[in-house]
Amino acid sequence: MRVLAMGVGRGRSVGRRLLAGVVLGAVLVFGWASPAGAHGGASVTIHSDGRGSVWITAQWQDGHPINEPMVVTLSAGPAGASAGVPGSGPASAIVGERLTQTGDERGTQTWSGVLPAGTWRVAIDLGAPVEGHCQALVPSAGSTGASVQAVEVACLIPATGATADGQGGEAGSSAGSLAPLWVTLSVLGIAGLIGAEVVRRRRGRTKT
């Protein structure tokens, strides 16, 4: 009976060690995935009320709001600048204005400024964990009393962090590229546990 009890105890010990190895492997493989990859990319929408106010809403593609700490900047220039419209040069541009998170259920970030009257090419750049870019043409009535045209323009940003204009980001994909390494390390860890158990058993038999 004592031998049987010892065998059962050793079997449980092996099971516990193998289970610990499997858990360790899962943590190594999945615990290092980037937030963007875990959520499957992001959806960012540029909004304007037509009077010059601009804000964005940002959600992961699984529907959760993006409320993680993140640097988001807004840049804008008159839409006619590229056509050489007088008065639409660099002096009229808005560059690198920070947005502020509200922490709501839509992942809203607001800009404290107001676009003057005219049509603007607005660009939003999002830092980690999204690493993306979105842009839209935004008309502003300003204080002219002209008719107001609200805007909503959505951009889909892949989990790899590729920007909307096709310029790929590397932050979101770096963790995924290491997945084979973590798999190998976890397998080696489990094999090491099994090997240690075999050696321990042989030593136990030699002593008896």
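**A disulfide, a strand and a loop**

C134 and C155 form a disulfide, with their sulfur atoms 2.0 Å apart. A disulfide here is a pair of cysteine sulfur atoms within 2.5 Å. In general, such a link is a covalent bond between the sulfur atoms of two cysteines. The structure holds 1 disulfide.

A word on the source. This is a predicted model, where local features need pLDDT of at least 70, side-chain atom pairs count only at pLDDT 80 or more, and totals for chains, interfaces and linings use all residues. Residues are numbered from 1 along each chain as its sequence is written, and side-chain values use heavy atoms, with hydrogens and water left out.

Back to the cysteines. The torsion about the S-S bond of C134 and C155 is about 70 degrees, so the disulfide is right-handed. C134 sits in strand β8, residues 132-140, and C155 in strand β9, residues 151-157, so the pair ties together parts that are 21 residues apart in sequence. Strands are DSSP runs of E, at least two residues long, numbered from the N terminus.

Are these cysteines buried or exposed? Both C134 and C155 are buried. Buried means under 20% relative accessible area, exposed means over 50%, and partly exposed is in between, using a 1.4 Å probe and protein chains only.

Next, strand β2. Why call β2 largely enclosed by the rest of the structure? Because 6 of its 7 residues, in the run 54-60, are buried.

Which strands pair with β2? Strand β1, residues 42-48, pairs with β2 in the antiparallel sense, over 7 bridges. Two strands pair if DSSP finds at least two bridges between them. A42 has W60 in β2 as its bridge partner. The hairpin of β1 and β2 has 5 residues between the strands, and G50 there takes a positive phi near 85 degrees. Strand β6, residues 108-110, also runs antiparallel to β2, joined by 3 bridges. Here T57 has T108 in β6 as its bridge partner.

Last stop: the loop between β7, residues 118-126, and β8. P129 is placed in this loop. The peptide bond from A128 to P129 is cis, with omega near 10 degrees. E131 is in the loop between β7 and β8 too. What is the phi of E131? It is near 55 degrees, a positive value in a residue other than glycine. For background, most residues other than glycine have a negative phi, and most peptide bonds are trans. E131 is partly exposed, with a relative accessible area of 29%.

Conventions. Helices (H or I, at least four residues) and strands (E, at least two) are DSSP runs, numbered from the N terminus.
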